[in-house]
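Q: I would like to learn how to read the features of a model like this one. Where do we begin?

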Amino acid sequence: MASLLSRFCRKVAVPGSAHGARMVSTTTSCGSETVKSLNLYSAINQALHIALETDPRSYVFGEDVGFGGVFRCTTGLAERFGKNRVFNTPLCEQGIVGFGIGLAAMGNRAVVEIQFADYIYPAFDQIVNEAAKFRYRSGNQFNCGGLTIRAPYGAVGHGGHYHSQSPEAFFCHVPGIKVVIPRSPREAKGLLLSSIRDPNPVVFFEPKWLYRQAVEEVPEHDYMIPLSEAEVIREGNDITLVGWGAQLTVMEQACLDAEKEGISCELIDLKTLLPWDKETVEASVKKTGRLLISHEAPVTGGFGAEISATILERCFLKLEAPVSRVCGLDTPFPLVFEPFYMPTKNKILDAIKSTVNY
Amino acid sequence: MAIWFARSRNIVSSLRHNLNLSGILVQRDHSPRHAFTNSQLSSRSVFLDSFTSLRHESTAVEKQLDLVQQSDEEDPQELNFPGGKVGYTSELKFIPESSSRRVPCYRVLDENGRIIPDSDFIPVSEKLAVRMYEHMATLQVMDHIFYEAQRQGRISFYITTVGEEAVNIASAAALAPDDVVLPQYREPGVLLWRGFTLQEFANQCFGNKADHGKGRQMPVHYGSNRHSYFTVSSPIATQLPQAAGVGYSLKMEKKNACAVTFIGDGGTSEGDFHAGLNFAAVMEAPVVFICRNNGWAISTHISEQFRSDGIVVKGQAYGIRSIRVDGNDALAIYSAVRSAREMAVKEQRPVLIEAMTYRVGHHSTSDDSTKYRAADEIQYWKMSRNPVNRFRKWVEDNGWWSEEDESKLRSDARKQLLQAIQAAEKSEKPPLTELFSDVYDVKTKNLEEQELGLKELVEKQPQDYPPGFHI
């Protein structure tokens, strides 16, 4: 219950920045860097402004994006760039993505918004059968690399079945697309600009819980954070924790508690789930000998299984304990039972301890 | 209630015009709610007393009444709703599920290849007509030979276009080379028209190293960026919303071009049909949607596909201009597609064409259509309603084509195709590295690892793998 209240009541400290433990920074900065305190939706908004400004052949569209979007990520874009480039679409996800593929195939950048990740499924055929295979099936005569699909995902405290889903695992199984999930405002801006400019179709999931809750100093200039590079946001020696998006905040709290009990945790933000940076995780586990993965999505068939299997293959003899997964339960995302369903700080802390004491 | 309101509107109008009041009319509980009678209306003083006491009531209501009054003055029979003004009726009447008369089909040539008197059509020169006919005949020969090649086990699969040669060639002839084509899979004639060679067709069917698609897809999944012809994909109707995006791009770039996309009767049942047409209409994109209504979706007859009068009636549901055309009449198709294209580009709007035709061949080499339809039916369409013969008659009647031209064309085409097939068959397959390239723009680490692993495996146990692949 306390964790549920804390979700509502306090601004979330962005993982890896507040505690001075970020060791590896992958942001590029140029010249004098002015920063501004921004929340996640504002950082994303900035990235979209920059994307449209720097490429006149880029478009932003989806349901309700014209007035700023239901989460305000597209505020000011239509006024600034015009309704020809920033527009509302009919309520039809397969149309939104299909239209975006057509635009991208003609060499434009199409940054489409799916209002909630829970509603991305009508577009699944267009994403899997069309976007992901567009370049390959044509022998590289055609491509839709300019397509970026943005969708808010994840628990929000009261979202229930259809405003809380984490569908990343479905997309991580599709060769030809990339899947990116930022953990904070500063990361989101850089990763979104990289995703938009990457010559491959990208699905970009934004942790809706952090839209207002997370506030961070975000550089005002145009910068990109590389895809497929994981980041060690907290160094440690006893156990490696891997996560992405909003879950990292929870994991970091668990790391702090574990530290009080003498356990030194290394925390990694994967950032890009497909293709994912196996080398960084492998190097960390070879050092610590223990791995714990945590995600909101249900444990069975979740992306944690892929990470676990890969690390087992690569680090078997270095492992001191089985790989631990602290994830959502195998149920549809419940409403009143959300606090029981979620992979909470204490569930993670328990798993850290039992892994270390194996 | 309606009567009461009607009277109250009349009262307000008459007050406005006759008594020159500012139009305050607020119904209060203590005021008489039932309608004023004419005798009461004539009594000025009664009204003035009532209204002075109500004068300071809600001005918001006054504004609403102003609106009602304004529209009353323009047309008393309409209502304002978010989508605009709409007339109303008190008659409880449903729009019938179908028209008493089916949408007529536009045609120019009769079954004997003679122009129907007083037809509207765009004239076709001798040069163009002969070129069209040559392509229709070549398409027939190509289909016949590739079909046989599949039967002989030389290629794995094939889809013929038999019966739909006019839709293919005449529509292609009506387009500009810069128009971007997004096919379904039964439109190789469009690619043939644009200059894709018989050798290129054969290379794709054999998946050899010269195949532009690098051997990744089944036969007939052609694509050519040089010819503005998007690569065929098996899923049905996915190209339709993409065409809307392509059309929108052309509009934004102010190009003198449109997107042209094809679909069968079955494909119009897919959600992407709805998505594609709706988006094209809302975005005002220059797209020509051509539906080949050939009567069958594999074994599913159109009577099991929809209950509407075909596809043409669906256009209006999206706000799209539409036409039904005899798909086996090359001149009608040419005129309809030319006109549609001009409209799409000049007016920046989508257009829908339903081309009525018949799928004479089986769905594909994996199908035997005699299992679900009468052999008589197939014969009838093949012999009596043959689009190639029909156009040939017109071209010959004009003195532009002869029997010698015919046999020369068919034997030349046959020879070229057999040579193309031989060459394609002999050719190497694409190198193994092409299994891993183009998944992304640049090979990712996991793909590089898998490629290395596979190379080692193939070198160690080559007997497990087919020959002809350069490692």
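**Reading a buried helix**

A: The model is predicted. Start with one residue: B:Asn203 is found in helix α8 of chain B.

Q: Is B:Asn203 buried or exposed?

A: Burial is read from relative accessible area, and under 20% means buried. B:Asn203 has 8% relative accessibility, so it counts as buried. Leaving aside neighbours within four places in sequence, its contacts are B:Asn208, B:Ala210, B:Asp211 and B:Ala424.

Q: How many of the residues of helix α8 of chain B are buried?

A: An α-helix has 3.6 residues a turn, so residues three or four places apart point the same way. In helix α8 (residues 198-206) of chain B, 8 of the 9 residues are buried, so the helix is largely enclosed by the rest of the structure. Along with B:Asn203, the buried residues include B:Leu198, B:Glu200, B:Phe201 and B:Phe206.

Q: Which helices do the buried residues of α8(B) pack against?

A: They pack against α5 (126-151), α7 (188-194) and α15 (403-426) of chain B. After α8(B) comes B:Gly207, which has a positive phi, near 60 degrees.

Q: What is the secondary structure of chain B?

A: Chain B has 16 helices and 9 strands. Of its 471 residues, 48% count as buried. Among its contacts between residues at least 6 apart in sequence, 72% join residues at least 24 apart.

Q: Which residues of chain B does the UniProt domain annotation cover?

A: The unreviewed UniProt entry carries the annotation "domain: Dehydrogenase E1 component" for residues 135-431 of chain B. Over that stretch the chain is 45% helix and 11% strand, and the end C-alpha atoms lie 34 Å apart.

Q: Next, how is the packing of two helices described?

A: Two packed helices are described by the angle between their axes and the distance between the axes. In chain A, helix α11 (residues 278-288) and helix α12 (residues 303-315) pack at an angle of about 60 degrees, and their axes are 10 Å apart. The two helices α11(A) and α12(A) are therefore oblique to each other. The crossing of α11(A) with α12(A) is right-handed.

Q: Which residues make the contact between α11(A) and α12(A)?

A: From α11(A), they include A:Val281, A:Glu282 and A:Val285; from α12(A), they include A:Glu306, A:Ile311 and A:Arg314. By class, this contact has 4 nonpolar, 1 polar and 6 charged residues.

Q: What can be said of the peptide bond from A:Leu274 to A:Pro275?

A: This bond is cis, with omega near -10 degrees. A:Pro275 sits in the loop between β12 (272-274) and α11 of chain A.

Q: Which residues other than glycine have a positive phi?

A: A:Asp64 has phi near 65 degrees, and B:Glu284 has phi near 50 degrees. A:Asp64 lies in the loop between β2 (58-62) and α3 (77-81) of chain A, while B:Glu284 is in the loop between α10 (271-282) and β5 (287-293) of chain B. With 34% relative accessibility, A:Asp64 counts as partly exposed. B:Glu284 is partly exposed too, at a relative accessible area of 46%.

Q: Where does A:Tyr341 lie, and what does A:Tyr341 touch?

A: A:Tyr341 lies in helix α13 (residues 338-341) of chain A and counts as buried at 3% relative accessibility. Not counting residues up to four places away in sequence, A:Tyr341 touches A:Pro298, A:Cys327, A:Phe333 and A:Lys347, among others. A:Tyr341 and A:Pro298 are 43 residues apart along the chain, with their C-alpha atoms separated by 9.1 Å.

Terms used: Residues numbered from 1 in each chain as written. Chains lettered and ligands numbered in written order. Predicted model: local features only at pLDDT ≥ 70, side-chain atom pairs only at ≥ 80, totals over all residues. Heavy atoms only, no water. Axes fitted to C-alpha atoms, helices over the stretch in contact; angles between N-to-C directions. Helix = DSSP H or I, 4+ residues; strand = E, 2+ residues; numbered from the N terminus. Parallel < 35°, antiparallel > 145°, perpendicular 65-115°, else oblique. Left-handed = near helix turned anticlockwise from the far one by under 90°. Contact = heavy atoms within 4.5 Å. Nonpolar A, V, L, I, M, F, W, Y, C, P; charged D, E, K, R; others polar. Buried < 20%, exposed > 50% of the residue type's maximum accessible area, 1.4 Å probe, protein only. UniProt positions renumbered as here; feature names shortened; annotations may be inferred.
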